[in-house]
2 protein chains.
Amino acid sequence: MEKTARLGLERVSRPRLYEQLVEQILAYIESAQLKPGDLLPAERDLAERLGVSRATLAQALVALEVLGVIDVQHGTGAVLARRPSVASVIKGLREHRSRLPEIVEARSTLEGKLAALAAARRTDEDLKAIDHALGVMAKEISAGDRGTQGDELFHEAITAAAHSSVLAQLMAFIAEMILETRMESLGQPGRPEQSLASHRRIADAIRDQDPEAAAEAMLAHIELVSDVELLR
Amino acid sequence: MEKTARLGLERVSRPRLYEQLVEQILAYIESAQLKPGDLLPAERDLAERLGVSRATLAQALVALEVLGVIDVQHGTGAVLARRPSVASVIKGLREHRSRLPEIVEARSTLEGKLAALAAARRTDEDLKAIDHALGVMAKEISAGDRGTQGDELFHEAITAAAHSSVLAQLMAFIAEMILETRMESLGQPGRPEQSLASHRRIADAIRDQDPEAAAEAMLAHIELVSDVELLR
DNA sequence: ACTGGCTCACTGGACTAGCCTCTTAGACAG
DNA sequence: CTGTCTAAGAGGCTAGTCCAGTGAGCCAGT
């Protein structure tokens, strides 16, 4: 089971009705030109129009609520949240899921800051975790592996060392997208060694508590790691 | 529970069963030391243990799935996602909601980059939206208002002008937390005028397509706007 | 001994019908 | 005009039922 996950083989599509409903409702909101504060049709009505049961529709509404698109109020109805912008953003993201340049952009923004903060705030524990990740990656590479696990550990350790839960949450948000690029990058010949070397530079800057150098090294690292996809 | 001090009259807390269930399941995951790949108890079992119907539990599971905590597979069960880290992060965030310094940190990181990108990529339309926001804020202030609406519009226009949907999504993610700080900051005497002035500096840099100046102006602006909370 | 196919006991997916609480507008009494 | 009450309609939740995937184990055919 873990093997399949490592290889990136996503389980085949498991169709879920509520997911389709989310898409349809999003489309409806757009087509009906609904503004923040407007009400969605009543559940019984919507369910009938969409040809599903209320229970299933309720799941879709929960999903939309978690996504921040609507706010369901007992006795009143489902009102559009103040920021319907997220709706279009989410929709856009779902459509073309891998906008590599944009992901790299977001990643370097976040991780550059994270590296700088890590340099400023790291404890000895943090440093130990970073060095451990380095060791894991080195071992993986000398065993002929790509070092993806160590790579992941390293970036997680940096994130933890920055001691900023809000930024950490944002990283978690784009972590999945990054994962896809990570595998490809480390698949290039000679790339794992390069990557390890630039990891070492980042770690050194953090060890020396030099925020600027850490940010710079991280930016250089991400650039190195990211240029692969750009040629595709 | 504190009053959510928002202009737009937030409805009083409306308890929803599925929300409590999410919390309980999160707590269970932690207490049971479940690791990624592990299975949650079966729906029928869990529903009985939690004393709710399967339909309601299904809503909680949808919420957890949207949050990225689990992955529900037909015929197999609900498996914990690879990154359970988000679970603890989410939990932490929900608990002490206002980590102001961290929010400011994340905000300046994102908006600094966004401003630079906006300067590099803005179209004439984007510029028009930015100027419009400036106009709205000026009108609000001269009417004796705090200018929150214009302020919000301005930052949204900048985000749009950066043309980076991934970064935009990250901004949307922390937008709600920022909202709370915005009101407080603009409530300070003389603050709206200062804020408007620094908005103008940002807009000018973007008009001149000068990324560095834009980022710098944005950072200065956020610093100005944020120092209030730090003295509290 | 292996392979393939079958079964069956699980798992979640979805629907239905019904009753509850909450909200709100409008009727009605003062 | 004002305050109160009520009923319609909104969402919240439950219980019961059936459908559809999954996977372990059995058992025949090779």
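Me: Which side chain meets B:Arg207 in a salt bridge?
Reply: A salt bridge is a side-chain nitrogen of Lys or Arg within 4 Å of a carboxyl oxygen of Asp or Glu. In this predicted model, local features need pLDDT of at least 70 and side-chain atom pairs count only at pLDDT 80 or more, while totals for chains, interfaces and linings use all residues. With 3.1 Å from N to O, the partner of B:Arg207 is B:Asp131.

Me: Which helices hold B:Arg207 and B:Asp131?
Reply: Helices are DSSP runs of H or I with at least four residues, numbered from the N terminus. The two residues are 76 apart in chain B, with B:Arg207 in helix α9 (residues 191-207) and B:Asp131 in helix α6 (residues 124-142).

Me: Is B:Asp131 buried or exposed, or in between?
Reply: Buried means under 20% relative accessible area and exposed over 50%, with partly exposed in between (1.4 Å probe, protein chains only). Side-chain values use heavy atoms, with hydrogens and water left out. B:Arg207 has 32%. B:Asp131 has 30%, and counts as partly exposed.

Me: What is the N to O distance between A:Arg54 and A:Glu43?
Reply: A:Arg54 lies in helix α4 (residues 54-66) and A:Glu43 in helix α3 (residues 43-50) of chain A, so the pair ties together parts eleven residues apart in sequence. A:Arg54 is partly exposed at 40%, and A:Glu43 is partly exposed at 26%. Their side chains form a salt bridge at 3.3 Å.

Me: How many salt bridges does the structure hold over all chains?
Reply: One of them joins B:Glu43 and B:Arg54, at 3.2 Å from N to O. Over all chains, the number is 16.

Technical notes
Residues numbered from 1 in each chain as written. Chains lettered and ligands numbered in written order.
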